[in-house]
Amino acid sequence: MKIVYDGSMDTVLFKDILSTTIPELLENNPDIIYLDADLMSCIGMYKYGMAHPDRAINCGIAEANMVGVAAGLALAGFKPIAHSFGIFASRRVYDQAFLSAGYGQNPITLIGSDPGVTAAYNGGTHMPFEDMALYRALPGSTVLDITDPAMLDNILRQISDRPGVKYIRVPRKTAAKVYKSGSEFEIGQAIPLRNGKDAVIFACGIMVHEAMQAAKELAQEGVDVAVVDCFTVKPLDEKTVKQYAKTTGAVVTAENHNKFGGLFSAVSEALALSCPVPIEYVAVEDSFGEVGTQPYLQERFGLTAKNIYKKVKKVLERK
């Protein structure tokens, strides 16, 4: 795995990876099967689905049923990957994911696209801030907030063999390029992107870019801040979290979802008993989503490098 971050946006879209990697997986492994809730065209799977209706199944606008079908396929020995918008792949199907898949010990992979503010003009009804909290509460689950297309490609290639319910949280469009194409990632292992002695920012998803920008601005003022990509929010890499917290003594978490049950909760829980340090968060408050462009929504909910900068300064005052 190689870090190539320079602040620029990736030229590859997340949906480009979904539309090429998933068909490749289907062609190479007869046990993998793809399910969708009438949104194949949104991630570039429509042509493949039309050509291979036995391998890419459109379950219609019936997301809960789709997860039930996925659980049944898993029980029969298949490795199902199911997709819908994040709001429908989490809250709408949670009972089926919890009981038919989790409790029933039927391993399935759920892809929730356009999570949080990346839903943009689809608005508050399509803007899950609570999806991370829901899936973190499911016993035996794996919860991933994807950083860039290179990470998505590698995670897709290894996720089907992992037990339990897997929830992949990923935008459809673009994000900052952080990792070199072809990089490999270990699920459950956080990635230090830069070291620092004054504070550490634990971030995930689109907030990794904002964290790096905030660290760059702080460095110009002589504030040395580490940044760690916690793309696996569950199981959280507690060893790395505690190591960096002990080194810096001040922590900020940055996440594109609700502060309740998300990365802030995960990091706080890891530190509470054995490594108490000052901690602040940059996350959506107790709020619903709304309609707007992604830049507007990030500003509206404080999901910005500017806000991370402020929270680092605040936590350092408590150090």
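This is a predicted model: local features need pLDDT of at least 70, side-chain atom pairs count only at pLDDT 80 or more; totals for chains, interfaces and linings use all residues.
**Entry 1: the largest pocket**

I began with the largest pocket, which lies between two domains because domain 1 (14–170) and domain 2 (191–318) both give residues to its lining. The domain bounds come from an automatic or database domain assignment. Residues are numbered from 1 along each chain as its sequence is written, and side-chain values use heavy atoms, with hydrogens and water left out.

I wrote down what a pocket is: on a 1 Å grid over the protein atoms alone, it is an open set of points where a 1.4 Å probe fits, with protein on both sides within 12 Å along at least five of seven lines. Lining residues have an atom within 4 Å of a point. A volume is the space filled by probe spheres set on the points, which are joined across faces, edges and corners.

I read off a volume of about 360 Å³ for the largest pocket. Its lining has 22 residues. Nearest its centre I found Thr118, Pro171, Lys173, Thr174 and Gln294. I sorted the lining into ten nonpolar, eight polar and four charged residues. Here Ala, Val, Leu, Ile, Met, Phe, Trp, Tyr, Cys and Pro count as nonpolar, Asp, Glu, Lys and Arg as charged, and the others, Gly among them, as polar.

Which helix gives the largest share of this lining? Helix 7 does, with three residues. Helix 7 (207–219) and helix 10 (294–300) each supply at least two. Helices (H or I, at least four residues) and strands (E, at least two) are DSSP runs, numbered from the N terminus.

**Entry 2: the second largest pocket**

I found a volume of about 200 Å³ for the second largest pocket. It is lined by 13 residues, and Phe129, Glu130, Asn258, Ser287 and Phe288 are the closest to its centre. I counted five nonpolar, five polar and three charged residues in this lining. Domain 1 and domain 2 each give at least three residues.

**Entry 3: salt bridges**

Side chains of opposite charge can pair when their charged atoms come close. I searched the whole structure and got 17 salt bridges (a side-chain nitrogen of Lys or Arg within 4 Å of a carboxyl oxygen of Asp or Glu).

I looked at Arg172 and Asp114, whose closest N and O atoms are 2.9 Å apart. Arg172 is in the loop between strand 6 (165–170) and strand 7 (191–194), and Asp114 is in the loop between strand 4 (108–113) and helix 5 (131–136), so the pair ties together parts 58 residues apart in sequence. Buried or exposed? I checked both. Arg172 is buried at 14% relative accessibility, and Asp114 is buried at 6%. Buried means under 20% relative accessible area, exposed over 50%, partly exposed in between (1.4 Å probe, protein chains only).

Next I took Glu269 and Arg136, a salt bridge of 2.8 Å, N to O. Glu269 sits in helix 9 (residues 263–272) and Arg136 in helix 5, 133 residues apart. Arg136 is buried, at 18%.

Lys306 and Glu299 pair at 3.0 Å, N to O. Lys306 is partly exposed at 45%, and Glu299 is partly exposed at 45%. I also noted one network of salt bridges with shared partners, joining Glu24, Asp153 and Arg157.

**Entry 4: Ser160**

I placed Ser160 in the loop between helix 6 (149–159) and strand 6. Ser160 is buried, at 12% relative accessibility. Leaving aside neighbours within four places in sequence, I found Ser160 in contact with Ile32, Lys79, Ile81, Thr109 and Lys166. Contact means heavy atoms within 4.5 Å.
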